[in-house]
Every structure is written in C-alpha cells, then in structure tokens.
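I opened the model today to look up a few local features. My notes follow.

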Amino acid sequence: MIKKIFIVLIASAALFSCGKKTRTKKEARQIALGVDTPDYTAFNIETMHTEDAVPKNKLKAKVQMRYKNGNERYPEGIDIVTYDQESSEESSHLIADSAIYTADSTMYTVYSNVVLEDYKKGQKLETDTLHFNKETGDIFTDDNVKITTEYEIVTGKGMRANQNDPENYEILQVTGSVYVE
C-alpha cells in the first residue's frame, strides 16, 4: 500500500513539474541581469563621459546597481545629457523612471515615462520603453510613441532610428498627426 502511494506521489510530481511555467516581469529582469544581488550599489551618481577632453554625455541617477556579469540597473530613474561634439553644447536630454543595461548585448533599455528631447532638431519623443544598442547605434521601441515638433504632433506605435543618422527615423504605425500653428 505504501509503495502504491509513493508511486502515485512521484508520478503526480513528475506530471505537474512538466507544466509550462510563465515568468513574471520581475523574474525576466532577474534572468536578464544574471543574478539577484548586485555586486555594488552607488547612490546619487553623476558621471561625465569624454573623448579627448570633449564631453560626450553625462549620466545622473539616484541609484546604480552593477552586477558581476557587467549588467547595470537604475531602479529610481536615469537622466542622460548628450553633448554636441563640435560645440560642446547640450544636444539631447533623456529621462526615464528606470533603466537596465545588459552587457552581453550592449543594450540600454529605459522604462516608464521616457522623454527624449533633441535640441538640434527641436523634437521631443515620449514613450513607455525605449531601447538603445550601444554597438550599432540603433534606437527602437514597439510601444506607443508621440513625437512633438514646433509645427506637428505625430503619434504611432513602434519607432526605428539610428544614432548615427538621426534625421532618418521611422514610426512603424502612424495613428495620428496634428499640425500646430
């Protein structure tokens, strides 16, 4: 009798463990980061990246977590200013409620209330998630976007652009366009 109960328990455990498990957003981020505990955490950081003593960009964050695999997490917001290489003036400004940098793909992903202002072009991009590949310069999202210029507001779903050719960007599904006077 005990053997039969034991066999039924093992068979039940095997059966239920084969079920497909869906991951929560938190679990997916933990897998992407590689570990649950950061190697170090820094508070109220401000870093300036330069090339040949010319400012390239400045990053500010309330909290930066760095992991052993090189990934980084900014759970309390990120603020990045990019500078024009010729004039050293601010050329763009990005803010978001949180961000993740994944080292193996050199991908930054910023989340929630993402606003990117391009001062040179006089444009503002608003979305919920924005990805930036550091190696290729690709900037993209599959979320809703709103691009505001002095004369027009364009809304859509999905956007593709490249940092090296900022004049050419594509909104994948334009849902509205309003001209402002």
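I started with the contacts of E126. Leaving aside residues up to four places away in sequence, E126 touches V114, V115, N144, V145, K146 and T148. This is a predicted model, so I kept to its local features. I placed E126 in strand β8, residues 123–133. Its relative accessibility is 26%, so E126 counts as partly exposed.

Next I checked E126 against N113. They are 13 residues apart along the chain, and their C-alpha atoms are separated by 7.2 Å. N113 belongs to strand β7, which covers residues 107–118. I noted N113 as exposed, because its relative accessible area is 53% and the cut-off for exposed is over 50%.

Then I turned to backbone angles. Most residues other than glycine have a negative phi. N113 has a positive phi, near 50 degrees, and is not a glycine. D52 also is not a glycine, and its phi is positive at about 55 degrees. Where does D52 lie? I found D52 in the loop between β1 (40–51) and β2 (54–66). D52 has a relative accessible area of 77%, so I logged it as exposed.

How many aromatic pairs does the count give? I got one aromatic pair. Y101 and Y108 form it, with 4.5 Å centre to centre and 40 degrees between the planes. Is Y101 buried or exposed? Y101 is buried, because its relative accessibility is 9% and the limit for buried is under 20%.

Definitions and conventions
Residues numbered from 1 in each chain as written. Predicted model: local features only at pLDDT ≥ 70, side-chain atom pairs only at ≥ 80, totals over all residues. Heavy atoms only, no water. Phe/Tyr/Trp six-rings, centres within 6.5 Å; stacked < 30°, edge-to-face > 60°. Buried < 20%, exposed > 50% of the residue type's maximum accessible area, 1.4 Å probe, protein only. Helix = DSSP H or I, 4+ residues; strand = E, 2+ residues; numbered from the N terminus. Contact = heavy atoms within 4.5 Å.
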